[in-house]
Structure formats: C-alpha cells, structure tokens
Amino acid sequence: MIKVQEQDFNQQIEYERLRSKTSIGAIVTFTGLVRDINQGQSVSDLSLEHYPGMTEKCLVEIVEQAKKRWDIIESTIIHRVGQLAISEQIVYVGIASQHRGDAFAACEFVMDYLKTQAPFWKKETMADGQTKWVDAREDDQLALNKWA
Amino acid sequence: MIKVLFFAKLSEQLGLRELQVAASAAENTDQLLDYLKQYDPKWEQVLSAQPCLKAVNQNMVNHNVPLNSGDEVAFFPPVTGG
C-alpha cells in the first residue's frame, strides 16, 4: 500500500494491517520524524512539497525493485506532505516477510531509494522565522552504494 | 505543446509552477532548458545556479531526451524527502 497524504497516520493500525497477512514471520518498520535541529540550527516547523503523480509512480517502482531482491509478502509506504510540526511523523515504511533478514534489508533499501529518488522537498522554518529549503545530503547518495 | 513544471526552490525563485512551451521550440530536454534560460536573465541565473534534476512524463532522466508535443517535463532541485 502506498499513500501520500497530509493527515497523520497510526502506526498500530498500519502494523495490524501488515500482520493480518498469512505466512508473516517478521515485520520491520521505519518511521521518520520532524527533527528540531538541522545542521546545528533550530527548526520550528517543516513544510513538504511533492510532485503529485510522479511521487506515487516512483514509490510503486521502488517497492517493485525491492520485491525483485527480497521476499516481501506485504508492504506499506506512507509519506506526509504539507505543514508539519516538530516531532510529527513524516514517513512510515513497513515490510512484512517470512524472515527478518529480508524485512530488514528491504526496509532500508526502500528508505535509501525514497530519500534520493522520490520527488519530495522539505522547507524548514527556523526559530528566527526565516525559511530555508533543505539541501540534499551527500550521505544519502552514498547510502545507495551498498545496493549496487 | 510541451507542459513544463517547476518544483520547490526552483519554482519559488522563478515565481512560476507551470508553463506551456511550443513543441517547435525544443526537440529535446537540453534544447528546452536552453530555451527557458534565454527567456529572461533571471531565468538564466536561476536555472544555471544550482543542480537541476529533470523528469520526462514523470520519470527521472539524467541524459538528453527527445521531446514531442504532449510531453510533461519537470525541473527540480535534488530531492529531500523521507
């Protein structure tokens, strides 16, 4: 399941949905949150823009790629857009597999590709009221190397 | 016509999210970018100043791609979701 939405999500509901499938032996989930500090500067809130249409296509493609590499029985990606406050949930990735190895690896793979391929952009409002588009991080690009 | 979209910092700096360009103005994505840069000195500056990714018909491409009428081309900064 893939969702791009403004509203928050409930981890318990998402987890139970993954758990309801048969033959599941492992569920690995990741949640990304709005941090109150970025590159040493205090952040007061965040807005997230995306490219409607391409975003959903891109996330479907990332899951398809992951399914070619690992045994995935069920998966969920939820990414929020719009205005978000500190500590709010931004992204949820849940992978259900027969075994934990596949679930761990697939969850990390999905996040690494989402961070570098999916058309989302963050804009931070700093404590002093100034706004700033977040720059892409080289570390995120390097993280892809382990899947080459 | 070719539908051109801008996102994030790029659309903010250009003051525009979307425009239509005559298909005759650009045979490929490189020509389209050159055409847009010539539109205005400010556009030249904005579109040259930063790494600019592109997608054709909602697929990211990193090389020059031929264009046809009806195509959707998007230009945007490196992505920062997650």
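## The largest pocket

In this predicted model, the largest pocket holds about 670 Å³ of space. Its lining takes in 33 residues, and the ones nearest the centre are Lys115(A), Lys122(A), Arg137(A), Asp140(A) and Gly81(B).

Sort the lining of the largest pocket by residue type and you get 14 nonpolar, 10 polar and 9 charged.

## The second largest pocket

Next up is the second largest pocket, with a volume of about 270 Å³. Chain A lines this pocket with Met54(A), Lys57(A), Cys58(A), Glu61(A), Ile62(A), Gln65(A), Phe109(A), Tyr113(A) and Gln117(A), while chain B brings in Gln58(B), Asn59(B) and Met60(B). Two or more residues each come from α2 (54-69) and α3 of chain A, and from β4 of chain B.

Which element gives the most to the lining of the second largest pocket? That's α2(A), with 6 residues. By type, the lining of this pocket splits into 6 nonpolar, 4 polar and 2 charged residues.

## Two helices that cross

Two packed helices are described by the angle between their axes and the distance between the axes. For α2(A) and α3(A), the axes cross at roughly 145 degrees and come within 10 Å. The crossing of α2(A) past α3(A) is right-handed.

Which residues meet where α2(A) and α3(A) touch? On the α2(A) side you'll find Cys58(A), Leu59(A), Ile62(A), Gln65(A), Ala66(A) and Arg69(A). They meet Phe109(A), Val110(A), Tyr113(A), Leu114(A) and Gln117(A) from α3(A). The residues of this contact come out as 8 nonpolar, 2 polar and 1 charged.

## Where the chains meet

Now for the two chains together. 25 residues of chain A are in contact with 20 residues of chain B. Between them, the chains bury about 1,800 Å², and 57% of that is on carbon and sulfur atoms.

Which residues of chain B lose the most area to chain A? They are Gln58(B), Thr80(B) and Gly82(B), which together make up 36% of what that side buries.

Conventions. Residues are numbered from 1 along each chain as its sequence is written. Chains are lettered from A and ligands numbered from 1 in the order in which they are written. This is a predicted model: local features need pLDDT of at least 70, side-chain atom pairs count only at pLDDT 80 or more; totals for chains, interfaces and linings use all residues. Side-chain values use heavy atoms; hydrogens and water are left out. On a 1 Å grid over the protein atoms alone, a cavity is a set of points where a 1.4 Å probe fits but cannot get out, and a pocket is an open set with protein on both sides within 12 Å along at least five of seven lines; lining residues have an atom within 4 Å of a point. Grid points are joined across faces, edges and corners, and a volume is the space filled by probe spheres set on the points. Ala, Val, Leu, Ile, Met, Phe, Trp, Tyr, Cys and Pro count as nonpolar, Asp, Glu, Lys and Arg as charged, and the others, Gly among them, as polar. Helices (H or I, at least four residues) and strands (E, at least two) are DSSP runs, numbered from the N terminus. Axes are lines fitted to C-alpha atoms, for helices over the stretch in contact, and angles run from 0 to 180 degrees between N-to-C directions. A crossing is left-handed if the near helix is turned anticlockwise from the far one by less than a right angle, and right-handed if clockwise. Contact means heavy atoms within 4.5 Å. Buried area is the accessible area (1.4 Å probe) that two parts lose on being put together, summed over both.
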